[in-house]
Each structure stands twice: as structure tokens, then as C-alpha cells.
Amino acid sequence: MKQRHLLLALAIGASTISLSGCKKEPAEPATTAAPAAAKGETADEFIARVNDEYRKLYPEINSAQWLSSTYINDDSQMLAAKANERYLTQLNGWIAQARKFEGQKMTPDTARSIQLLKLMTAMPAPKDPAKLTELTQIATKMEGMYGSGSYCTGEGAAKQCRQLGELEDVLRSSRDYDKQLDAWQGWHTIAQPMRKDYTRFAELVNEGAKEMGFADTGEMWRSGYDMTPVEIAAETDRLWGQVKPLYEQLHCYTRTKLEAQYGNDKGQVNGLLPAHLLGNMWQQDWGNLWDMLEPYKGVGSLDITAALEKEYQADYARELAKAGAAPIADKQFAAERAAQLDVAKQMTERAQDFYTSLGMPKLPESYWTKTQFIKPLDRDVVCHASAWDMNMAGDVRTKMCIKPNEEDFTTIYHELGHIYYDLAYNKQPPLFQGGANDGFHEAIGDTMVLAMTPKYLNSIGMVDTPQQGNEALINSQMRMALAKVSFLPFGLMIDRWRWGVFDGSIKPDHYNQAWWELKAKYQGVGPATPRGEEFFDPGAKYHVPGNTPYTRYFLSHILQFQFYKGLCDASGYKGPLYDCTFYGNKVAGQKFWAMLEKGSSQPWQATLKELTGSDKADAGAVLEYFGPLQTWLKQQNEGKTCGWPAPAAASAAPKPTTGKG
Ligand SMILES: [Zn+2]
């Protein structure tokens, strides 16, 4: 679920690993100097040159990265690291050269380009070659620890090791308190050895950030929003304040249901939701608790997975019938693979159809031949969904291991959002080929997902005529809320913790305490057993060892509702927001495309205004969308004491990081 874009080092993935150019850092200090600035070059000429050099460098890095993600072995890793080393060397050279233009006359576009150039990596490296090497080695090591993380139990023949996927399966499907606790604790053991590395990592990136003129790495991360670092921090607080009452209602309802399932003593921890009982390792999506939280059993069920499974079976039967005289096992295997690929492509065609229905172009032919649709069987690949712009000239691809289920179906719509953004802004100079801000890039495809209403799904033959009535509505709203509303405080707290780590208000000997205080404060989630400083629980979430900034996901979850409403308005829709789909509406499509074409060429506020009429991020559309559910939740929670106590140690804790500039 991520845009892969070297330019802004956007390695984005709500639940995925990131692998962009900034990830596979060179293992050795860069020794080749970047080309020196030409004598007498003006700032405008400098930026023109950087754009030109970057465009030339870009395809090679991408090819190496694509290869190393779709064909994992030592050789491809080495090539990717080397290509990346060349890129980082070049980048450092550009940033150094840009300094001499400070205070000089230049066009606004050039000034903006220079600003963007400085924010091209989320991992600012110290200039000292030895420290740069140390930093990249730690980064690689932590990523490896996460990627190969495994929880083993038993001895000898009874020894059993499970990786993240298997442990997640337990949280998803088991309702056995102890088994869930074991799976949750088990995964968190993999992060314990990262504590020392992360401490050093924070020191080193801070040194790099300071050398670039930032107070610390957190301030650098907050500098990419066309407002001051203090202002964006305050903005996210304000937006959270808008949606918090809705989250509190969902929290309250969920706690009641957990208590009913597990008992009063186990279904909550001092009013907090037990971390291991929410169906998700990080409590960022509660959709797996549908069996407990479904408001009206079986009403208006939209079983997309069943529809896709049926499609798969039909493909399989057809492929099997086509097969010749080969042995039955071989025929079955070949038919299985062919059917998997068929259905994956059919799913992607449906997603493409949504975009083309808006008047956007078809994906280029090369997309269909070069994309990784399903998991290859002859080699290791990174399965995490991602979207790639290979050459800024139409070679776009997605990389997934698609299975015929609802989650993968909507993920395709999400990934194509990145691809269409790429295609739309490809005509911009390379330095402007990025999202208006990093939250925009994540929000495009999700906006389409919001428009996948029961009516739309029925119109493409995925589900039967949708059931009408309030119960069906509440069920469908709950489904969406478990994905979108439960995520909001999580999207915020990860960087609250890192901002504090980077600015020194969270000290290494309080890493875990501060983590759980923020989990409690924002999510109302707590651990069922003590989590002292012998643990390093932040490291059990990919984006911490993977060093991917996270505020973008919070912003995306607000912005996508604003985009959705803006496009519904543009399409002339009148009616309740949650019922709107702009599928097939060319006017809305044109407006969306015009926004995508702008890339990062202007402040995001201007881009937002062109689409929605407002230059301010605002959660009003979230609240409007979930209006019926919020009313319903209030009724359900009547007479209950909602909310949760502030974390016990909050007063003794390090200075809260909110609002920190
Ligand atoms: Zn994404």
C-alpha cells in the first residue's frame, strides 16, 4: 500500500514495508563526488540541471530496486545497494550545491524546488563517512530484524517458529484470550534487540538533520507541509480534536463487546482496550472483530470475497477444461496458477474501470506485462503491495501477491491511486513529481474506495441488489468505521512518539513507557501485562525500524473524506454523503485529474482549494459521512461511562510531544 517515489523518498505503507531509494542505503560511505556546480550557474539553471540529472538517474535506480524486490538474492541486493549509493551521493552533492544560492534571486518555482530537494530523504545522514556507514548499517540491520522476525516456542521436535503473518492469523481468527496474548507477546519479542540500535539510529539521523539546518529529525519531517513545523503539529492536534468524539463512541461500544466476549476482568485493562484483543497487531484496524461488533447479524451483507472466490472457481474450471493430456496433478496445478492470474487481472481491470469511468486514461499496455500480479513460486519476492513509477515516462507497475478477497480488491484501487497520480504529474519537472503533500498520495486511491458503495458494487455485478433500511446502513457504516475511524489515533501516535524521541523529550530509558502512555492517551489501548523497559514495543511496527514517517497516514484518513465530498459535489450529487458514488462521472473525474496533474508544484493548500473550495484540512466530511453511525453508537452507549482514564504516569512522563515545533 505504498507509493514508491525516490524523489521524496516516500516509502509509504500503512501496513507494509517500505523499500524506496532511501531504504537500501549504501553500506559504504560514498566516495564519488557529485559533479560540481557549473561556474556562474544561476539558481534557475541549477534546478534545471538537477531536474535533468535526476531524470536520467531515475530509471536505473528503479530497475535495480524492482529487481531486488521481485527477485530477491544476493546479486540483486548488491546491485540495488550500489545504485542507491550512487543516487545518495548525487543527492548529497545537489544539496551541498544548493546552499550557495541561499538569499539569491530566483523564481518561486526554483525556491520551491530547492526546498523539496532538502526533504528528499526521511533519513538524513551525517556527512562524516564513518557515521554515514554506521547509520546505513543500522538501518539495514533493523529492517532485516523486522523482516526475518520469528517467534519460536517448544524444544527439539516440538519447536515451532512463527513469523508475523502466522501470528497475525491468530489475532484475526482466534478468540482464545491466552492464544491471542501469546501471539501478540511473541511478535513483540522480535523488537527487543532493536532498542540499542534504534537509540543510536536516532542520534545519527539527528546529526544529519542538524547539519542540514533542522533542529532535529522530527522538525525536518514536519517541514514538508507548506507551513511551519509548529503549525503542522498543531493542525494534526486540531483535526484529531474534531474526530475524537466519534472515536470515543466506537471505543466505548467495542469495550462493551469485548467485555461481553471475554468477561469484565479480561475485556478491558483499567478502561483501556487490551492490545492483544483487537484483531490486529497494532490495533490500527478493528475490522477482524466483525464477528463481535457487527450491529445487525447478517443484514445487508456485502460479501465481496465470496463473489471473487466464485469468479476464481469459474476460471479454474475453464482452465482445467482447456488442459490437454498431461497427468491430472500437473493439469490441476497449471489450471490453478492460470486461474489465480486470471482473477487477479480481472480484479485489476475492475479497478482500472473505475478510473477510466472518470475519463482517466487506460493503464499503458506495459503495465499489464510488467506488473507482478501474483506470487511467483520460483523465487523470493516482497509481497507487500506497492506502486512504482519506473521512468517518469509511462512505465508504471504495481507489485502485489493478489488473492481473491475483499482486502486485496480494495488494495488494488488504492495502489492504482498512486499510479494515476504518477501518470498525471509525469509532465511536471522531476522535482515536482510528488504528492501535494505525502498525505495526498495515500488518499487518492482511498477516495475511490469510499466511492465503492453497495450501489456501485451491485452495478459491476459484485453483489446482489443492496438491502435498504437503517440496519443495513449501520452495518455498512460500522464496517467502514472499523477500518477508517479506528486508525485515526494510531496514525497520530506513532510520530508523536518519534517526534519526542528525536527532540529528546523522550529519553532512551523511557522509550517503552512513553510508547504506552501515548497508546493510552490517543488510542485508549493498553497492554494486558506489564511492558517495562526490557521491551522495545515501538520496534514491532514496521515503520519504526523501517523509518517511514507516519503522519501522512493520519492526514490521508482525513483528506480522503474531503476529496470524496469534493468529488461528490462536483458530480452534482445531492443526498447523504455516505451514499454517494461518482463512478462514471466525467466532471468529477476532470476535477480530480486536474488536481493530480499539479503534483507538488504548488503548496498543497492551493491544490486542496482547487478541488474542494477550501484550503484547510478539515474532518467535517468524516463526521458528516459517519453521522448515522455516531448517532447509533451514542444510543448503544447510553448509560455507560465512556472514555478512559489518562495514563497513570502521564504527569511524571517526559514533556508531551504534541505541539512541539
Ligand atoms: Zn499507499
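A disulfide here is a pair of cysteine sulfur atoms within 2.5 Å. Helices (H or I, at least four residues) and strands (E, at least two) are DSSP runs, numbered from the N terminus.

This is a predicted model, in which local features need pLDDT of at least 70 and side-chain atom pairs count only at pLDDT 80 or more, while totals for chains, interfaces and linings use all residues. Residues are numbered from 1 along each chain as its sequence is written, and side-chain values use heavy atoms, with hydrogens and water left out.

## Disulfides

The structure holds 3 disulfides.

| Pair | S to S | Torsion about S-S | Hand |
|---|---|---|---|
| C152 and C161 | 1.9 Å | about 110° | right-handed |
| C568 and C580 | 2.0 Å | -100° | left-handed |

C568 lies in helix α20 (residues 551-570) and C580 in the loop between α20 and α21 (586-598), so this link ties together parts that are 12 residues apart in sequence.

Burial is judged by relative accessible area: buried means under 20%, exposed over 50%, partly exposed in between (1.4 Å probe, protein chains only). C568 and C580 are both buried. C252 is buried at 1%, whereas C642 is partly exposed at 30%. C152 counts as partly exposed at 34%. C161 counts as partly exposed at 36%.

Two strands pair if DSSP finds at least two bridges between them. Strands β3 (residues 150-153) and β4 (residues 160-163) are antiparallel partners, with 4 bridges. T153 has its bridge partner in β4, at Q160. Together β3 and β4 form a hairpin with 6 residues between them. G154, in the turn, has a positive phi of about 80°.

## Cavities

A cavity is a set of points, on a 1 Å grid over the protein atoms alone, where a 1.4 Å probe fits but cannot get out; lining residues have an atom within 4 Å of a point. Grid points are joined across faces, edges and corners, and a volume is the space filled by probe spheres set on the points. The whole structure has 3 cavities of 30 Å³ or more.

The largest cavity holds about 50 Å³ of space. Its lining consists of W184, H188, M281, W282, Q283, W515, W516, K519, D537, A540 and K541. Two elements give two or more residues each: α6 (177-189) and α19 (511-523). The largest share, 3 residues, comes from α19.

By class, the lining has 6 nonpolar, 2 polar and 3 charged residues. Ala, Val, Leu, Ile, Met, Phe, Trp, Tyr, Cys and Pro count as nonpolar, Asp, Glu, Lys and Arg as charged, and the others, Gly among them, as polar.

Most residues other than glycine have a negative phi. Q283, in the lining of the largest cavity, has a positive phi near 60°. Q283 lies in the loop between β5 (273-274) and α10 (290-293). Its relative accessibility is 1%, so Q283 counts as buried.

N547 is not a glycine either, yet has a positive phi of about 55°. N547 belongs to the loop between β8 (525-526) and α20. At a relative accessible area of 5%, N547 is buried.

How values were computed: On a 1 Å grid over the protein atoms alone, a cavity is a set of points where a 1.4 Å probe fits but cannot get out, and a pocket is an open set with protein on both sides within 12 Å along at least five of seven lines; lining residues have an atom within 4 Å of a point.
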